[in-house]
Amino acid sequence: MSEAIAAEQHDVLIVGAGFAGLRLLDLMRCQGRRARVLEAGDGVGGTWYWNRYPGARCDVESMQYSYQFDPALEAQWDWSERYAAQPEILAYAEAVAERLDLTRDIRFGTRVRSAVWDGALWRLESEDGAAFEAPICIMATGCLSAPNVPDLPGLKDFSGPVHHTGHWPHEGVDFSGQRVGVIGTGSSGIQSIPRIARQAASLTVFQRTANFAVPAWNRPLSEAERASVRAEYAALRARQKRSPNAIDRPGPVGSAAQTSAEARQAEFEARWEAGGLPFLSAFDDLLLDPQANAWAANFVRARIREIVQDPATAELLCPTDLIGCKRLCVEIGYFETFNLPHVRLVDLRPGDGGRGGIETVTPGGLRAAGETFELDALVLATGFDAMTGALLRIDVRGEGGRSLRQDWAEGPASYLGLMVAGYPNLFTVTGPQSPSVLTNMIVSIEQHCEWIADAVAALEARGASRMAAEDSAQAAWTEANAAMAEGSMREACGSWYRGANIPGKSAVYMPYVGGFPAYTEALEGITARGYEGFSFA
């Protein structure tokens with residue numbers, strides 16, 4: 001019988017060294033706790049460490065996609081563009097880690113295999129055989145950090161390189177002179193396709209579902225613009241927290257249904273010319289009134305038809321869903337790319353058993369839509385097992401050996417996206433049923449990290465050793481979240497918000513749709529009432 005692995009002892013274990021893990025480590029240190037971060041990668045940054053595909057960029061303006069806890073950092077960091085690209089965001093995360101001397105408490109190259117509660121401690125084991133123990137475990141594993149590699153027949157037989165956008169080679173990829181196929185036209189596809197087209201001899205884009213995208217109109221930021229934002233950062237942060245998606249942006253001008261056709265068209269034009277996600281907040285009924293939504297969707301379709309020269313290709317690129325029920329994408333030259341003579345769009349909407357209409361991958365390409373395509377390289381822009389994927393890839397065991405995989409087999413249930421009943425002292429950052437991916441993620445991350453730090457301090461102040469979500473509170477929150485989603489047009493189509501991109505995943509709408517301010521009010525009320533719905537022992 002093999003001996004148990006001797007475990008490192010800590011006060012707090014944190015899984016993940018993205019923006020959440022970095023903030024948590026600093027907070028735990030400030031409380032005098034011995035904390036260790038376990039990170040699968042060889043550096044900090046989380047999603048911005050792994051997603052190095054060409055064109056990778058945040059869809060929230062850079063000066064808003066940043067930490068709020070350090071005014072000096074806000075004043076000193078210079079963002080170069082309106083929408084920061086991956087290298088700059090990664091450099092920012094690295095600078096924060098260096099500024100706070102965080103890396104000495106991060107164990108890199110450590111992918112956690114299991115996390116088991118023994119009644120007093122969480123015991124984590126990594127794939128390399130190391131073990132760690134602490135009474136508190138915080139999962140900062142990210143919402144979009146488990147790449148979804150589709151089960152395409154013959155994929156292993158392909159003779160050329162296969163790259164997933166969510167796990168891109170750090171040395172980069174040179175597609176010069178190659179025949180490249182890209183599968184997927186979600187956010188990563190929309191960002192990478194224009195850049196890949198610049199190099200490839202030919203580019204074939206395989207699309208199962210067209211997605212709505214609005215222009216970024218990205219550009220360098222002037223020093224005057226940066227200085228203007230810095231001068232009012234406190235006010236900007238306050239406005240972010242009052243915004244449904246935690247982004248400071250122009251609010252709705254009223255109801256689309258109660259606005260004249262001319263004024264409505266003018267507002268859509270103005271939002272389009274301004275660029276970015278604020279397009280979807282032009283009117284307050286775009287996600288409530290089907291007719292209002294149709295006006296917005298038709299406006300974007302009309303712009304696609306104006307940009308794409310071939311009418312047949314333009315129609316294939318026009319989404320048929322409601323706008324906003326899937327994640328709205330922000331693009332830079334995406335639709336124009338299909339005007340290039342060496343770029344072809346292949347429509348796979350008829351589908352084939354969830355495989356997107358791709359019949360098989362061959363050593364020299366693939367067969368799809370009744371045609372054979374010869375390819376030298378294949379790019380999978382197929383997204384992530386969102387919200388729950390990264391956490392469920394760890395074998396998490398709670399009270400009595402219960403399994404999180406089994407508990408969530410019919411869809412995730414949590415209390416506030418922060419804890420799961422039956423898993424004491426286990427916290428989740430931006431977990432399912434919190435606003436998370438429907439918001440500016442870094443704002444939601446900071447909120448959760450600070451709440452968790454306060455909860456850990458409250459646990460100690462009460463002289464308790466255990467904090468847990470109560471079953472009844474979790475059931476009520478989960479039920480309320482589901483009811484709210486059913487009343488929203490966001491649930492009106494199959495999207496990764498509902499796990500629709502993962503075969504066999506239960507179709508449960510995972511994010512909280514009530515908006516950041518309403519969630520904040522609920523969270524603060526629960527906390528003020530003595531952590532209502534949580535038990536201490």
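**Ground rules.** I number residues from 1 along each chain as its sequence is written, and I use heavy atoms for side-chain values, leaving out hydrogens and water. Because the model is predicted, I ask for pLDDT of at least 70 for local features and 80 or more for side-chain atom pairs, while totals for chains, interfaces and linings use all residues.

**Salt bridges.** I looked up the total first. I took a salt bridge as a side-chain nitrogen of Lys or Arg within 4 Å of a carboxyl oxygen of Asp or Glu. The count by this rule is 39 salt bridges. Side chains of opposite charge can pair when their charged atoms come close.

I then checked Glu446 and Arg23. Their closest N and O atoms are 3.9 Å apart, and the pair forms a salt bridge. Glu446 sits in helix H14 (residues 441-461) and Arg23 in helix H1 (residues 19-30), so this pair ties together parts 423 residues apart in sequence.

Are Glu446 and Arg23 buried or exposed? Both are buried. My cut-offs are under 20% relative accessible area for buried, over 50% for exposed, and partly exposed in between, with a 1.4 Å probe and protein chains only. I also followed the network here: salt bridges link Arg23, Asp26, Glu446 and Glu450.

Two further pairs went into the notebook. Glu125 and Arg123 meet in a salt bridge at 3.5 Å, N to O. Arg123 is buried, at 19% relative accessibility. Glu225 and Arg219 form a salt bridge, with the closest N and O atoms 2.9 Å apart. Glu225 is partly exposed at 27%, and Arg219 is partly exposed at 35%.

**H1 against H14.** I turned to the two helices themselves. Their axes come within 9 Å and cross at roughly 30°. That makes H1 roughly parallel to H14, a term I keep for angles under 35 degrees. The axes are lines fitted to C-alpha atoms over the stretch in contact, and angles run from 0 to 180 degrees between N-to-C directions. The crossing is right-handed, meaning that the near helix is turned clockwise from the far one by less than a right angle.

Which residues make the contact? H1 gives Phe19, Ala20, Arg23, Leu24, Leu27 and Met28, and H14 gives Ile442, Ile445, Glu446, Cys449, Glu450, Ile452 and Ala453. Contact means heavy atoms within 4.5 Å. I sorted these residues into ten nonpolar, no polar and three charged. My nonpolar set is Ala, Val, Leu, Ile, Met, Phe, Trp, Tyr, Cys and Pro; Asp, Glu, Lys and Arg are charged, and the others, Gly among them, are polar.

**Arg349.** I found Arg349 in the loop between strand S14 (343-347) and strand S15 (358-362). Arg349 is partly exposed, at 29% relative accessible area. Arg349 and Arg208 are 141 residues apart in sequence but 4.6 Å apart in space, C-alpha to C-alpha. Leaving out residues up to four places away in sequence, Arg349 touches Gln207, Arg208, Glu315, Leu316, Cys318 and Thr320.

**Positive phi.** Most residues other than glycine have a negative phi. I noted Thr430, with phi near 50°. Thr430 lies in the loop between strand S20 (426-428) and H14, and is buried at 4%. Gln433 has phi near 75°. I placed Gln433 in the loop between S20 and H14, and Gln433 is buried at 2%.

How values were computed:
Helix = DSSP H or I, 4+ residues; strand = E, 2+ residues; numbered from the N terminus. Parallel < 35°, antiparallel > 145°, perpendicular 65-115°, else oblique.
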